[in-house]
Amino acid sequence: MAKTYRPRIPKPFRIPRRMAAQAEATRFGWLTPDVLSIVAGALIAAVAPLDRLDYVARGLTASALADAAPSAQVLLVTASPEALREGLCERSLPGLLERGRARGALLIPPADAFCGGGAAASRAGAASATSAAGAAPVVRMPPELLRLSAGDVVGFFPLAAGERAPELGALGVSAAPWVLKKAPQSVPAVSLRDLADGQVPASALEGRVAVVAVGAGGVAPQAVATSALPPARGVAAVLGGLLDGGRRASAPAWVPALFVLLAGGLVRTARRRYGSLAATAALFLGVFALAAGQGVLAARAEASLIALPSALFGLAVAFAGVMIVRGLVVQRSVDRAAELIQRAALFRMQGVHTLPDEEFWPRVARLAEQAHPADLVLVAELPAGSWHLRFWNDTQGGGESLVAELRRDVRRPPYSSEQGVPAIRLSRRFLAKQDMPAVVVPLIAFGEIEGYVFFCGPVAEQTFSREPERAEHVGRELALLLRRKRLARTAQAGAGEARGGGSPEDDLVEGARVALDDLQLFGSMLRSAPVGLLYADAFGDVRFVAPEFAKWLRARDVTVPAESASAALPPGSLTLGDVLGATSASDAAVSLSSVMASDDGIELSVTAPEPAVLSVRPLRRESDGSSWIAGYVAALIPVQQAAPVSDNVRPLAVRDAADPLCAFQLGDVVADAVASASRATGRAVRLEPIRGATHALGHRGELEQVLEAFLTDVAGRGLPGHGPVVSVREAPQGVQLSILDVGFGLGLPESALQRVLTAPGSAPAGLEPLGRLILAVEDSHGHAELKTNDGWGITLTVTLLRAHPRAFVSANEGGKPAAQQNVIAIGRAGPK
């Protein structure tokens, strides 16, 4: 027997299998308690345990949807007790039914005792005789036939197999649990005496079932219907609705169960996303939809009467389960928030509104001092509802004594222009030291003044005259910081007034929110910076520095304090300005304002003790359409020095890892390059229709750049009105790109073209774009040809390898096809 040997996978490269318990937990992870409560509510709606209430609700629904259209099937005939005692009904009713060609008569007790006569004694023989003669049947209604709900007739019970069943069936009376009856006023009603005396023509009975009942005598014709004794009016209304197609029955059990599932899912989603109020609104919306849907269904379909009380009870069970479970989850989250706050107490950096003013404003001044050179920095707070400023300073114990301006009204100079418009300006008599100038920068966010910052001293004046945009950048970022602090405090104060004082649970939730913001910020820092990490908060204070970064700072004679037990530095011990000042570049390149002005940050080259690149970028947060700097992250990236290369040797270009050899459509690349060249030169570059799929193999990024540069150069050199002509097609050799130009090669010798083909890296002057294009084609394993046409310029033909589309064959760990860069997927892409 042959043996099959399989290669053994080394242990470090084996993929661990999931355990059975983990697989089962993942499979049934969606069975949360709130989902189970919704399923329980659906089962209750399907079983319908509230049978008696459901019966009454179906009857009320059928009664509420009564049809108001006049009935053409039933006629209510009332006879007074006097007329019945005189025998009027027994004498005249058979003749009236025959003359009026009525469908028959249904006698409602006690009228049957006066209208049956001797025929009642021999009912079977008379019935057969009248049936044989074709006369209209006269049938006595048995009281057990009526189906009552809340004292009103709503339908008919199933007919028992007896002698009256065929007669009632001839009148259209059949088993119907519930009927959408006719409104009482829509059933025509006449008096038997009026019919017998001829005041009402007998033709009123044509095709109708006459419901004969006892009524009061001597009433007006319009009150005849209301004079009939019950249950005659209900029988006539229900029989009219039944003959007009109003038969109704119970809906299938899955209908209310499905509704409870959908409504419970809506309540669960609203509770998880928007809170208890939205969940309650979703519940009321579900109840309204259930009532409205019952009305719409009952008016159109036969099997449409839902067990409303049972369905509402199931929905209430689902709602209670969702609310209770979510409440327990919230309580558990509140309990765990205290532990999270304790762990993140030292890292609380995002909650700027929680800082007291004595700490907040000096830190703002310290941030401004790092961002803009100045001998002295003052910040001014504009209290809410006031026009007068309050000054702060970080180094001299407060800034009130340094200001010579006594009015301090922001509507007047130097805080605003002569026209009252706040703007950045230079003031020379603002401070107590008259010889010290001050750059006044209003902090404006979304049209509102949040405060002022003052850069004082000759250094600030020189920087402002040389780079006025630096003060504008700093003022914008500081204004957003102050606005965030003011709005957060206002919202916190309003919430406190609304709830009548803060509770411990509210404080825990607020602290947990701040801690989670900080943790999210650190997560974004770790994802952004590759090596040598350093983090500074929104005030420019370094709060975390990696060991490698600290080692580099100490080598640059920067004092780095010792880290605490939780790896955090106290505020003010090290600033980002100190880190930027440790570089050997000029002041303009390493200013913090340069970092503020750039979303991508700045990169500085440092040489000692080892060559590296210092990358500093701001971390921005967005909310309500605005963004602000929430911190800064820096990375120290070592640079490997390349070995010296001889002067007569051209090193091979290092291929960018982001531009691998891949399959692409050459037609798309050429079309984009032609459009870019036309826009850049303002001349027409003609593109012939592309023939074939043109799937080629090569370095797409490099080919895009060099082809666009070459077409731009060719279009710029061409004669007016005679631009280059570009064509792309599939040839037996591969995918070909041809460029025909009528003016590019005029006057060039044959040796110049040969030099470009032989040494494209050392092309003659003016032919460098062509040389770079040939190098890019050769790097993509293609080749280029140049052909001179007498009187028609030069034709450049580029041939690339053809890429054949094929299907995916390998799979990754998740079971999905592994993406290959030289494989083109066929068909529509599925959702990610």
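Where is the place of Ser37? Ser37 sits in helix α2, with helices (H or I, at least four residues) and strands (E, at least two) taken as DSSP runs numbered from the N terminus. The structure is a predicted model, in which local features need pLDDT of at least 70, side-chain atom pairs count only at pLDDT 80 or more, and totals for chains, interfaces and linings use all residues. Residues are numbered from 1 along each chain as its sequence is written, and side-chain values use heavy atoms, with hydrogens and water left out.

Back to Ser37: at 12% relative accessibility, this serine counts as buried. Here buried means under 20% relative accessible area, exposed over 50%, and partly exposed in between (1.4 Å probe, protein chains only). The Ser37 side chain reaches the backbone oxygen of Asp34 at 2.5 Å. That pair falls under polar contacts (N or O atoms within 3.5 Å; within protein, one must be able to donate a hydrogen and the other to accept it, and residues adjacent in sequence count only if both atoms are side-chain atoms).

Trp254 lies in α12 and is exposed, with a relative accessible area of 56%.

Next comes helix α13. Its 25 residues (276–300) should span 36 Å at 1.5 Å a residue, and the end C-alpha atoms are 36 Å apart, so the two agree; the expected span is 1.5 Å times one less than the number of residues. The buried residues of α13 are Ala279, Ala282, Leu283, Gly286, Leu290, Gln294 and Ala298.

Strand β14 (residues 438–445) has seven of its eight residues buried, so the rest of the structure largely encloses it. Strand β13 (residues 425–427) runs antiparallel to β14 and is joined to it by three bridges, with Arg425 partnered by Val440. Eight bridges link β14 to strand β15 (residues 448–456), again antiparallel, and Ala438 has Cys456 as its bridge partner. Two strands pair if DSSP finds at least two bridges between them.

Most residues other than glycine have a negative phi, and most peptide bonds are trans. Phe446, in the loop between β14 and β15, has a positive phi of about 55° although it is not a glycine; at 53% relative accessibility, Phe446 counts as exposed. Thr694 also has a positive phi of about 55° without being a glycine. Thr694 is found in the loop between β22 (686–687) and β23 (695–699), and at 2% relative accessibility it counts as buried. A cis peptide bond, with omega about 10°, joins Pro109 and Pro110; Pro110 is in the loop between β2 (104–107) and α6 (112–115).
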